[in-house]
Amino acid sequence: MEQRSASKQHVRREKLEGAMAAVMAGEIKTLAVWKTDRFDRRGMAAIGTALDEFDRRRARLFVLQENLDSSQPGTRIVFAILAERAREEIKDLTLRVTTGKHAARTAGRWPGGRTPYGVRSPRGSGLIEPDPAEYPHARRIADELLTGKSAMRVAHDLERDGIRTRDGARWDARAITRMVRSAAWAGLLSTKDRLLDEHGQPLDVWVPSAEPVRDAEGNPVVIGTGVVSPGERLRILALIEARITKMGGGSRGKRPHTTFLGGILTCPYCEKAMTGSGGDRGRMYRCRTRSVYGKDACPGVVVRAQRMDAAVEAMWLSHVSALEHGSPGLDAIVRRWAVLHDVEKEARRKEVIAGLDAAKARRDKLEHDFYVEGTLSEDRFKTLAVEQSAALGALELEAAELAREADLSVFFADGEALADAWAESTLTDRRMLLECVLKALTITPARFPGDHTPILDRIVPRWVA
């Protein structure tokens, strides 16, 4: 008795494997199955191989429903016919299921399955809507993630307040990240990725993909109202991605910097990064090599963080204000400023580019079918060509508009406006803006204890050319 699929190569059927092992070992001589298609649905080759093994061991396969005994003459041909019929039936079933799911996606309907926490799909509606019981907690998770909290910190807060998942389990960072990655959490139609085993074979396990289903124009398919907007979801994913370090084929979390120049400022002796340490009032930048390995590894440099931060801020403001229109540093700031403050626009730009590539491919295939293969009539070709040209033109106009960057050179040339924008920026924004125009930053050692050389004279920046 086993309820697992008999047609999929990747499905492990432990009970059948155990019964076959008993036959191979000579422990039993008869294996009984309810019906031939419950033994195997992969065709006559698979069942023929099994019957050969049975014959070698003078064992038999007995089918209860069809009253077939493999030890009787003339039954192998019947087994072969039934096996091929079962194989064709599973092909038809797979086609119907696949076609149904594809039709649901094309129509912009939820194809079924488990929805992410915070949303539900009423039976038969094909739409996503907030779940009244889960939505308040899911929205709380979203708001905390948008403030920059880590997924682990949010999970700890939920545990403290006694909030559980839909299954009654405790929240953890992985569960929260998986929920955010699901496009359905933002009211979009999700795609799913199939997991593979250690040998690269597909498993019967599917997980939601971060990419939503897109229509012919490259737009995400909306199927209702989620916990967050698509833009909020993109911002949350960007914040989560910023906390991850890619290592080989995997990744690991990393702590965000809590100082302005931590990891940017380098030691003049070992040329390795310096890190911030100490309290807010007495915070210092120290050579990490010296701190970890001692003075024998590097003499090290120590400088007050407050003094260093103020000097670098003044240097950055002065440098950027003096940049001319078209300089690489200013262009880098403009691009990254736009990406940072308009995540939705940047994501839409990528979507339009992908849609443009797809539209050009469809146009090329249309021309090939008409001019080369001759499979389209002239009237049909003209109709489809007009539709494709209109879609292509609309995408090209939008791509040009999204690619046009605002001329912020006047804004950056205004020292007062630039200073105001800097003052309103977060620590993450400031680090990003600094790295836009800075290749490296170091400080020369003090000449002697109590050296009163102005800090600006000791800072050595390497600006983008």
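Predicted model: local features only at pLDDT ≥ 70, side-chain atom pairs only at ≥ 80, totals over all residues.
The buried set consists of Asp429, Arg430, Arg431, Met432, Leu433, Leu434, Cys436 and Val437.

Two packed helices are described by the angle between their axes and the distance between the axes. For H10 (residues 305–321) and H16, the axes come within 11 Å and cross at roughly 55°. The two helices are therefore oblique to each other, and their crossing is left-handed. On the H10 side the contact is made by Val312, Glu313, Trp316 and Val320; on the H16 side, by Arg430, Leu433, Leu434 and Val437. By class, this contact has 6 nonpolar residues, 2 charged residues and no polar ones.

An α-helix has 3.6 residues a turn, so residues three or four places apart point the same way. Within H10, Val312, Trp316 and Val320 are among the residues that meet H16.

**Salt bridges**

How many salt bridges does a search of the whole structure find? The search finds 23. Three of them are set out below.

| Pair | Closest N and O atoms |
|---|---|
| Glu159 and Arg170 | 3.1 Å |
| Glu313 and Arg430 | 3.4 Å |
| Arg447 and Asp451 | 3.4 Å |

The salt bridge of Glu313 with Arg430 involves two residues that also take part in the helix contact. Glu313 lies in H10 and Arg430 in H16, so the pair ties together parts that are 117 residues apart in sequence.

Glu159 forms a salt bridge with Arg170. Glu159 is in helix H6 (residues 151–160), while Arg170, 11 residues apart from it, is in the loop between H6 and helix H7 (173–181). Glu159, at 31% relative accessibility, counts as partly exposed; Arg170, at 58%, counts as exposed.

Elsewhere, salt bridges with shared partners join Arg140, Glu144, Lys149, Arg153, Asp157, Arg160 and Asp161 into one network.

Methods:
Residues numbered from 1 in each chain as written. Heavy atoms only, no water. Buried < 20%, exposed > 50% of the residue type's maximum accessible area, 1.4 Å probe, protein only. Helix = DSSP H or I, 4+ residues; strand = E, 2+ residues; numbered from the N terminus. Axes fitted to C-alpha atoms, helices over the stretch in contact; angles between N-to-C directions. Parallel < 35°, antiparallel > 145°, perpendicular 65-115°, else oblique. Left-handed = near helix turned anticlockwise from the far one by under 90°. Contact = heavy atoms within 4.5 Å. Nonpolar A, V, L, I, M, F, W, Y, C, P; charged D, E, K, R; others polar. Salt bridge = Lys/Arg side-chain N within 4 Å of Asp/Glu carboxyl O.
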